[in-house]
Amino acid sequence: MIYDAATLDTPLVLKADLCVVGSGPGGATAAMVAAEAGLDVILLEAGSFVPPSRMTQREERMLPELLWANGGRTSRDKAVHIHQGRGVGGSSLHNINLCKRIPDVLLREWNLEHLPVERWHALYEEVEELLQVSAVPEAAWSVHNRMLQRAVEAKGWRGGGLQHNRTGCVGSGFCLLGCAWDAKSNALKVCIPRLVAAGGRVLTHAQAVRVQHDGQRVLAVEGRVLDPITRQPVGDFVVEAQRVALAASATGTPALMLRSSLPGPEVGEGLRIHPAVAAAGDFDEAIEGWRGIPQTYECTEFLDLAAVHGPGSDPTAIGKRTWIVTAFAQPVGTATMLPGFGSAHLQQMGRYPHLGVLTAMIHDLTPGRVRPRGELGVSLDYWPDPLDRRELLFGLERCCELLFTAGARRVYIPTDPITEIERGQAFPFDELHRYDLDLTAVHPMASVPMEGGAVDSRGQHLHLEGLWISDGSLFPSSIGMPPQLSIYAMGLHVGRALVAAG
Ligand SMILES: Cc1cc2nc3c(=O)[nH]c(=O)nc-3n(C[C@H](O)[C@H](O)[C@H](O)COP(=O)(O)OP(=O)(O)OC[C@H]3O[C@@H](n4cnc5c(N)ncnc54)[C@H](O)[C@@H]3O)c2cc1C
Ligand code: SF4
């Protein structure tokens, strides 16, 4: 059953064999596995249960509902936007459904005791079947994505179609606001029903604050019941459990661990986020980037992990860690990025149907930091180091090059004030200064790395019995590609390991 904690009497005291915190790909999958193996599972989720029938496709409704800080989460100095989802299903509710595996060269470099490369392969096969992953049919590629394909092919660069976990997609283009057609084979659609069928309980509007323990083993999870509208605490809860799996994301999990004063080394130091920059081309033709599946084509010319990892590689090489795809924001999101007021702003928005947008996301090396902020918040420090800044600027320049190759008359870069580059004009940046450019990230990871001192490569905490981690925090480094497939794989792997541990 799914229960709304805000409708229950508090203080609430519950008992379970396993308490999982966070219902994204990592938590929902681990909870499903454990419940199907016979454990009595309670899954805590700070956000709401938002079924497809409540996905209204309205930015002003869905962004506050589905994203932390109403979509406005940033690094502490506000220099980087870090978008993260909340709600039953976590970021899988509103993500873009791209599915990619981590390449072997990186898995080999990680060289994890309980996750050899062959084990990853087996997990990927299982997850791809679970999520019904398939290639996006070419017939479903939008004008926007074909613009990128045209440019990549004209340059003779490497590129190709992407894989996704959608079934029954009508190509509405609203993925980032959640799918009203229930076409996403995500944690909500795939894992939660199986968890509930196996007797698992999901508690929404229940935000864990800390893990209670006696210094040797876990005893319980305590937290606050949140008001569904204001998100303010309205009561307390405790879930007494011998086993706890933290899957509150690569920001939420280390924050919880630090707030709990756990034995063992400090966590939260190695945060990676895949920072990204974007450029918009103004085309004569109508691109109508809001139409169709958002991202179906990738440029991989500058993503060559073998060049920066493994034997004979050069980790400082520039132009080997950049992944380029299309990006598009719904009207309100776009309007907030365009300069000007009144009629000047209206005139800019008049070009909305003619804008094609590319984003360059990097496989980042810079370690960021997570700290708890009060009882319910997180504080994130992240600013790319000089090497990552060079890689970001390299990617931005390639985006401009691709847009001009595809036929853009001019290119806009979201600086304040906005930068306009005319065809033939030199790329105007030689350094990326804080606050100059809009940096955005949607893939936090690597903040509690496996075999980094606190947890092993089964996700088991090495210093507190009964504690497990099951989300993107576990990666030993950033991965340079969309992470959800690998996080579902972590959920299967950790869920089974904790069941086997008894
Ligand atoms: C806009 C966007 C687009 C993306 N597109 C893609 C894509 O196309 N392909 C891809 O592979 N990846 C994509 N991602 C990334 C992917 O969705 C995430 O990496 C993945 O969902 C992370 O899984 P997770 O289980 O680690 O955490 P999350 O999905 O973040 O889930 C964590 C859950 O824990 C809850 N929580 C946090 N703290 C607490 C607490 N204290 N108590 C209770 N609950 C708590 C949160 O509300 C959330 O529901 C995208 C992300 C975004 C933001
Ligand atoms: S494009 Fe497909 S998956 Fe995305 S919201 Fe529309 S129907 Fe759903």
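Reply: What follows is a short talk through a predicted model, taken topic by topic.

Me: Ligand site then, which residues surround ligand 2?

Reply: Ligand 2 is surrounded by R166, C169, V170, G171, S172, G173, F174, C175, C179 and W181, and the space taken by ligand 2 is the largest cavity.

Me: And how many residues of that shell are nonpolar, polar or charged?

Reply: The shell around ligand 2 divides into 6 nonpolar, 3 polar and 1 charged residues.

Me: Switching to helices, at what angle do α5 and α11 pack?

Reply: Helix α5, residues 143-155, packs on helix α11, residues 386-406, at an angle of about 95 degrees, and their axes are 8 Å apart. That angle makes α5 roughly perpendicular to α11.

Me: Which residues make the contact?

Reply: From α5 the contact is made by M147, L148, R150, A151, V152, A154 and K155, while α11 contributes E401, L402, L403, T405 and A406. By class, the residues of the contact of α5 with α11 are 8 nonpolar, 1 polar and 3 charged.

Me: What about α4 and α12, how far apart are their axes?

Reply: The axes of α4 (residues 117-130) and α12 (residues 484-501) are 9 Å apart, and the two helices pack at an angle of about 105 degrees. α4 and α12 are therefore roughly perpendicular to each other.

Me: Who's in that contact?

Reply: On the α4 side there are R119, W120, L123, Y124, E126, V127 and E128, and on the α12 side L485, S486, Y488, A489, M490, L492, H493 and R496. The residues of this contact of α4 with α12 divide into 9 nonpolar, 2 polar and 4 charged.

Me: Now the backbone: is the peptide bond from T10 to P11 cis or trans?

Reply: The bond from T10 to P11 is cis, with omega near -5 degrees, and P11 is found in the loop between β1 (2-4) and β2 (12-21).

Me: And what is phi at R231, and where is that residue found?

Reply: R231 has a positive phi of about 65 degrees, although R231 is not a glycine. R231 is found in the loop between β10 (218-226) and β11 (233-246).

Notes: Residues are numbered from 1 along each chain as its sequence is written. Chains are lettered from A and ligands numbered from 1 in the order in which they are written. This is a predicted model: local features need pLDDT of at least 70, side-chain atom pairs count only at pLDDT 80 or more; totals for chains, interfaces and linings use all residues. Side-chain values use heavy atoms; hydrogens and water are left out. Axes are lines fitted to C-alpha atoms, for helices over the stretch in contact, and angles run from 0 to 180 degrees between N-to-C directions. Helices (H or I, at least four residues) and strands (E, at least two) are DSSP runs, numbered from the N terminus. Angles under 35 degrees count as roughly parallel, over 145 as roughly antiparallel, 65 to 115 as roughly perpendicular and the rest as oblique. Contact means heavy atoms within 4.5 Å. Ala, Val, Leu, Ile, Met, Phe, Trp, Tyr, Cys and Pro count as nonpolar, Asp, Glu, Lys and Arg as charged, and the others, Gly among them, as polar. A residue is near a molecule or strand if one of its heavy atoms lies within 4 Å of it. On a 1 Å grid over the protein atoms alone, a cavity is a set of points where a 1.4 Å probe fits but cannot get out, and a pocket is an open set with protein on both sides within 12 Å along at least five of seven lines; lining residues have an atom within 4 Å of a point. A molecule sits in a cavity or pocket if more than half of its atoms lie within 2 Å of its grid points.
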